[in-house]
Amino acid sequence: MGLLEKRINKIEREKRSVADKVQSETVTLDKEQQDTANAIIKEISSENFNTISQNGIDGSVEELKNQLHKKIEKLDVSYEDKLKIEKNIASNISGLGPLEEFMLDPDITEIMVLRYDHIVIEKNGEKINTDVKFTSEEHLVNVIQRIVQPIGRQINLSTPIVDARLYDGSRVNATIRPVSVDGATLTIRRFSSKALTGDDYLKLGTLSIEMLDFLREAVKGKANIIVSGGTNTGKTTLLNMLSGFIPEDEMIVTIEDSCELQLKTPNIRRLEAKESETNARAMKIDVKALVKNSLRMNPDRIIVGEIRDGTIVDMISAMSTGHEGSMSTTHANSPANLVNSRIPIFYSMSNANFTAETQALQIAEALDLIVQIGFRNKKRVITHITEVSGASGQKVNLQDIFVYNHNGFTATGYVPGTLISKLSVNGAKIDKSIFNKKADK
């Protein structure tokens, strides 16, 4: 190999190394680089105004990127700076602009745009302020439009709030003025392509081995379960993990606002709520309607992603009429808060008229377990596994089986004998020694 060829190969290796570095890092341009990028964006937009007007930005992306590359090649800057500027502009022409970097990081679970120039991420349970920003309010609004338009949604003065879902299943909420007075906001709840297993939860310290063993057998034995917790505590992820213990031969119907559950069982039918669109003939189908419809689909179990309204009446009815082992999630601060406050509120949102005593009796007959998840010391943990053990007048009786306190994960010593008998009929095998009172730190 000649000296010239060696020199060429060395240059190519160095360029590949620089390209890999720029590709793997978050790109933040300095003022001079940003001014250059803005000038190129303005130039490309001007040159392609008619094309973009006719085809839209998405229909013109590849041609715009080709033009961009040619303009970048003419810049009198280093190779690394060229790559940085091109990457910055390309992300703004298509995709999510400066948020693209965060979408590639599997450890980031939430992206919160408080303003166009203030972006916060949640990574490994910690909220982190970043230096990343949109170039302007208009830039942020354009990205929001790019998200919602392909699914037939609009965000404008008459509809200043929108919920949507990204191509990977991540949930999106966006607002603009006048409801968000400081400018547009964008929140992206990331969708994990990897479903967590029970072993993953043990490694994360979310529960103890005794709790996991009990929950595994409770699901197999067809306990009716509600996962309860606050916002962003991981209710749906936990529900997904619990659903993994359902025997493969059972017929399941899942019902969600946005499909997030990742059940691996072969016998599954997934239903998703549908908002009404601008076309008056487009039918709105909510979770309540889907729960009613699922009863005609002959499922063994019904899994509802989240209950937040009168749907609770239909779900309680399903749990009591041949759909044992059904599960759902809802917002509540504790098991007591769920049965004494939240569920009665949901009942009041239905068209049914039940007395407080009837409500308590229905809940006690249908529901077996409440699994409460929350944050302790910035870590997600299961704080309660609680049995619903009957009703006394207007009150639903609860018995904690496992709790998380200053001693760590603790069995309370209570043995749910009636529930164990019910679960054993359905094939569950529970070692009663797991209820011996002890702490697992």
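Pro178 lies in the loop between β5 (171–175) and β6 (185–189), where helices (H or I, at least four residues) and strands (E, at least two) are DSSP runs numbered from the N terminus. The peptide bond that leads from Arg177 into Pro178 is cis, and its omega is near 15 degrees. Most residues other than glycine have a negative phi, and most peptide bonds are trans.

The model is predicted, so local features need pLDDT of at least 70 and side-chain atom pairs count only at pLDDT 80 or more, while totals for chains, interfaces and linings use all residues. Residues are numbered from 1 along each chain as its sequence is written, and side-chain values use heavy atoms, with hydrogens and water left out.

**The chain as a whole**

The chain has 15 helices and 16 strands. Its C-alpha trace spans about 80 × 60 × 40 Å along the principal axes. Of the 441 residues in the chain, 45% are buried; buried means under 20% relative accessible area, exposed over 50%, and partly exposed in between, with a 1.4 Å probe and protein chains only. A contact is a pair with heavy atoms within 4.5 Å. Among contacts between residues at least 6 apart in sequence, 56% join residues at least 24 apart.

Helix α9 (residues 209–220) has 12 residues. From its first C-alpha to its last it reaches 17 Å, close to the 16 Å expected at 1.5 Å a residue; the expected span is 1.5 Å times one less than the number of residues. The buried residues in α9 are Glu210, Met211, Leu212, Phe214, Leu215, Glu217, Ala218 and Val219. An α-helix has 3.6 residues a turn, so residues three or four places apart point the same way.

Just after α9, Lys222 takes a positive phi of about 70 degrees. Lys222 belongs to the loop between α9 and β7 (225–229). A positive phi also occurs at Lys378, about 65 degrees, although Lys378 is not a glycine. Lys378 sits in the loop between β12 (369–376) and β13 (379–392). Lys378 counts as exposed because its relative accessibility is 70%.

**Helix packing around α12**

Helix α12 (residues 311–320) packs with α11, α13 and α14. Axes are lines fitted to C-alpha atoms, for helices over the stretch in contact, and angles run from 0 to 180 degrees between N-to-C directions.

| Helix pair | Angle | Axis distance |
|---|---|---|
| α11 (residues 287–294) and α12 (residues 311–320) | about 20 degrees | 9 Å |
| α12 and α13 (residues 335–348) | roughly 105 degrees | within 7 Å |
| α12 and α14 (residues 356–366) | roughly 50 degrees | within 8 Å |

Angles under 35 degrees count as roughly parallel, over 145 as roughly antiparallel, 65 to 115 as roughly perpendicular and the rest as oblique. With axes 9 Å apart and an angle of about 20 degrees, α11 is therefore roughly parallel to α12. The crossing of α11 with α12 is left-handed; a crossing is left-handed if the near helix is turned anticlockwise from the far one by less than a right angle, and right-handed if clockwise. On the α11 side the contact involves Val287, Lys288, Val291 and Lys292, which meet Thr311, Asp314 and Met315 in α12. By class, the contact of α11 with α12 has 3 nonpolar, 1 polar and 3 charged residues. Ala, Val, Leu, Ile, Met, Phe, Trp, Tyr, Cys and Pro count as nonpolar, Asp, Glu, Lys and Arg as charged, and the others, Gly among them, as polar.

The axes of α12 and α13 cross at roughly 105 degrees, which makes the two helices roughly perpendicular. Ile312, Val313 and Ile316 of α12 make this contact with Ile343, Phe346 and Tyr347 of α13. The contact of α12 with α13 has 6 nonpolar, no polar and no charged residues.

The helices α12 and α14 are oblique to each other, and α12 passes α14 in a left-handed crossing. Here Ile316, Met319 and Ser320 in α12 meet Gln362, Ile363, Glu365 and Ala366 in α14. These residues divide into 4 nonpolar, 2 polar and 1 charged.

**Two buried positions**

Ser294 is in helix α11. Ser294 is buried, with a relative accessible area of 0%. Not counting residues up to four places away in sequence, Ser294 touches Val253, Ile255, Pro299 and Ile302.

Val162 is in strand β4 (residues 161–165) and counts as buried at 6% relative accessibility. Leaving aside neighbours within four places in sequence, Val162 is in contact with Val148, Arg153, Gln154, Ile155, Val172, Asn173 and Ala174. Val162 and Asn124 are 38 residues apart in sequence and 27 Å apart in space, C-alpha to C-alpha.
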